[in-house]
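Thanks for coming. I will go through one model today, starting with its domains and ending with a helix.

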Amino acid sequence: MKKKRIVPLLLSTAMLVSLLPSCSQPEDTPSPTPTGEAAVEDGYIPAPYTADASQSPTEYVAPVFYHNEDGLTISVTYNGVIAEGGQYFRDSDNDQELDPFEDWRLSTEERAADLLGKMTQEQRIGLLKNQLTSNPAATSAEEVYDENGDVILDQLVGFTEDSESYNAQEVLDNYVRSGVIRQYTDTETGALFNNALNMLAEYVGAVNGEVTIPYMLISNPMLSGYPYEIGFAAAVAGDGNTDALQAWAETEATIWDAKGIHQMYGPQIDLVTDPRWTRNNTTYGEDPELMADIATALVTGFQHGTDGVQPGDVAVIMKHFPGDGAAENGMSSHNIGGQWRIYSTEGSLEKYHLSGFQAAIDAGVTGVMPSYSRPATDARSQPQTVDGVLIEPEELASAYNPTILQTLLKDIMGFDGFVNSDSGIITQGIDYGAEDMTPAERYAAVINAGTDVIGDEMAGAVDYTDVTEAVTSGLVTDEAFDRATTNRMKSWIDLGMFDNPYRDPAESRAVGEQYADTMENYQTEFNQKSVVLMKNSDSALPLADAGDEGLNIYIRKFTGTGTDNTVSEELAFMGYTGTDDHDTAGGLAALGYNVVEDYNEADVAILMVEPAAMSWNNDSLHVLDLVEDQESPEYDTTTGEKTGDTLPVTTVADIDELWEIADAVHANGGKVIGTIDITSPWILTNLEPYCDALLGGFGTSTQALIDVITGEYSPTGKLPVTMVSCYEVIAVNEVTLEDGNTYDICVSPNDVPGYDKEQYMDPEVLAQSPSGSYAYQDADGNFYWFGFGLSY
């Protein structure tokens with residue numbers, strides 16, 4: 001069901017009196033008809049600006065908007081407008097005729113079918129790739145305007161080699177019509193950047209006498225100021241519902257729309273099943289039911305309902321299908337050591353990994369991004385069935401894999417949107433199973449398998465040479481080429497790009513201002529809710545009031561790099577300055593607590609632990625213990641094979657100093673409060689026993705930790721993953737399997753989430769655990785299973 005989108009108050013008011021042209025509009029440009037005035041007279045309205053074929057645009061031209069009382073708003077720069085039947089229509093090919101693809105009253109299917117026959121081959125090839133990075137130089141409106149209030153085009157798109165903005169020639173010469181913006185801008189700047197890109201695209205169409213293909217801006221999730229995605233899962237698990245998450249997504253989508261960003265590379269819904277996996281913190285935990293609920297809420301929120309997208313929505317591209325979480329021993333699929341997904345457990349694909357994706361499909365998700373990895377079909381894996389159908393995939397990376405994309409995703413699971421590959425799958429070594437193909441053959445393989453658009457290589461300008469060869473040589477079938485173009489254009493049409501690709505900068509600014517406080521409140525809410533109180537012996541938390549004399553607080557941070565003595569932003573925010581002068585410090589010092597430099601003087605020590613995140617280069621087996629220089633098996637990053645040597649791995653430098661501090665504070669009758677940044681399900685043996693209270697955070701703000709420590713906020717977060725008890729339950733051993741080959745096999749299955757692993761493990765392995773379990777058990781007897789969390 002499609003919810004009625006809530007148009008921001010300022011925007012709806014502006015629309016009521018019509019969307020008036022910008023002040024830079026030429027005097028002879030017709031103004032849109034205000035609501036309630038005489039009916040629109042049929043006829044043709046010439047383009048407000050003339051496209052000069054001898055000189056590409058060097059100045060920004062403001063789009064002109066035409067408001068249809070009972071239909072879509074129309075916006076143009078170099079295209080004309082058709083008035084017919086009392087309505088406005090964008091003349092995207094300037095032929096002064098209302099073609100079916102220009103008629104917003106027709107169905108998406110009718111429009112897309114007509115459009116397919118009107119596009120040039122070069123235009124269609126341009127749609128087969130997304131530019132990896134498309135950023136303006138400016139991030140705020142103050143940087144965009146000159147002293148006269150005119151837009152500085154070079155702050156948005158660049159025309160010279162030394163420009164810091166996105167290269168305009170990609171649009172003008174290369175037919176690039178989609179790219180990923182990878183920096184934060186305010187809403188006004190985002191609108192201007194979107195407008196500049198679409199102005200260039202419209203200019204090309206007008207000059208060449210072609211259909212104008214609008215420019216689609218895409219972004220990864222924008223979570224600056226928020227916890228990691230796995231922190232959102234902790235918050236939702238604590239809430240017991242997704243109401244706040246969906247409301248946040250709806251508002252976030254409104255802000256993205258104001259910036260002209262219409263598609264999202266994400267969210268990531270790979271289920272956490274191997275604790276060593278490098279991307280556990282950027283997904284939503286290990287529980288399939290929770291993942292399904294979150295996926296539904298995110299699709300429903302960003303797309304404002306469950307029946308696909310319409311203007312004002314953000315099209316979600318869920319990743320990485322069918323889930324990279326079953327990575328062999330946690331290795332990253334970004335290079336060859338992590339190329340395999342291991343389904344060692346019968347039924348694990350359907351039971352665990354597909355739940356989130358099926359929920360997203362049922363909610364009407366627009367796009368899906370396949371995983372980099374490929375399924376192992378040797379003795380390491382068990383046969384998998386989904387809905388009673390045996391899945392027999394090729395040992396190919398998912399974007400190349402017709403069984404994964406066609407049989408599983410489309411035929412069985414019912415997905416009917418577009419498939420967008422991840423970046424770098426053609427020439428940068430992430431072409432698992434297709435290594436012997438030429439680049440052109442790889443492009444053909446992924447398109448023929450069911451991929452509609454390829455994330456570009458991790459380089460500069462988009463190179464269409466190989467994909468053009470794939471199409472023009474006949475390697476790409478006509479059926480696959482038509483499918484890819486149609487699937488992409490259906491999304492463009494649904495989102496209103498062929499009708500209103502522009503945004504009014506003033507209205508976009510107003511949207512940003514209108515929702516600024518709301519988004520700040522969401523940041524506070526999700527940070528606070530993400531905090532998990534894992535241990536609280538003898539009610540060590542919340543801290544007692546500072547009192548007249550003030551409690552003496554010692555603050556120290558431990559990291560994987562040993563920079564814990566540096567006054568970081570987090571330490572400063574907590575109240576530590578690195579000097580004896582804390583009179584002007586914030587955080588706990590500002591609340592009246594005495595922040596001391598000597599832990600021997602402390603009533604309370606707050607020890608903040610931020611372990612080093614898992615490396616993506618797969619040069620060693622990842623380590624979950626909080627240790628310094630622990631030897632771990634080394635892997636050759638070019639072959640993925642063990643070298644026979646070891647490498648020293650540090651997750652927390654100077655961990656022995658943490659023990660010394662804790663012992664000294666306890667000896668003086670004080671309390672130790674630990675915090676741990678849970679980017680992975682860390683083994684807590686070297687931290688928890690030294691703490692009276694332990695807080696789990698997930699890239700959580702320091703202010704949220706202070707709020708919980710002082711009792712300003714009573715913790716509600718629940719663990720979104722099971723914390724590992726010890727190395728013995730995740731040990732990797734060389735095992736010779738029935739096919740006669742020797743593999744590195746983990747004693748707990750890579751494809752099963754932590755809460756369910758024990759039923760598939762040897763009891764003798766579990767007997768080696770101090771807790772007798774896969775899950776960590778603390779000194780108070782609590783097991784740190786998924787869903788655990790204390791409160792006050």
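Domain bounds here come from an automatic or database domain assignment. That assignment gives domain 1 as 230–418 and domain 2 as 531–611 + 652–723. A word on the source: this is a predicted model, where local features need pLDDT of at least 70 and side-chain atom pairs count only at pLDDT 80 or more, while totals for chains, interfaces and linings use all residues. Residues are numbered from 1 along each chain as its sequence is written, and side-chain values use heavy atoms, with hydrogens and water left out.

Taken over C-alpha atoms, the centres of the two domains are 35 Å apart. In contact, meaning heavy atoms within 4.5 Å, are 12 residues of domain 1 and 12 residues of domain 2. The buried area, which is the accessible area (1.4 Å probe) that two parts lose on being put together, summed over both, is about 930 Å² between these domains, and carbon and sulfur atoms give 66% of it. Ile230, Ala234 and Glu286 supply 44% of what domain 1 buries against domain 2, more than any other three residues.

Now the helix. Helices (H or I, at least four residues) and strands (E, at least two) are DSSP runs, numbered from the N terminus. Buried means under 20% relative accessible area (1.4 Å probe, protein chains only). In helix H19, residues 702–710, eight of the nine residues are buried, so the helix is largely enclosed by the rest of the structure. What covers those buried residues includes helix H15 (505–530) and strand E23 (604–610). Just after H19, Gly711 has a positive phi of about 85°.

Notes. Buried < 20%, exposed > 50% of the residue type's maximum accessible area, 1.4 Å probe, protein only.
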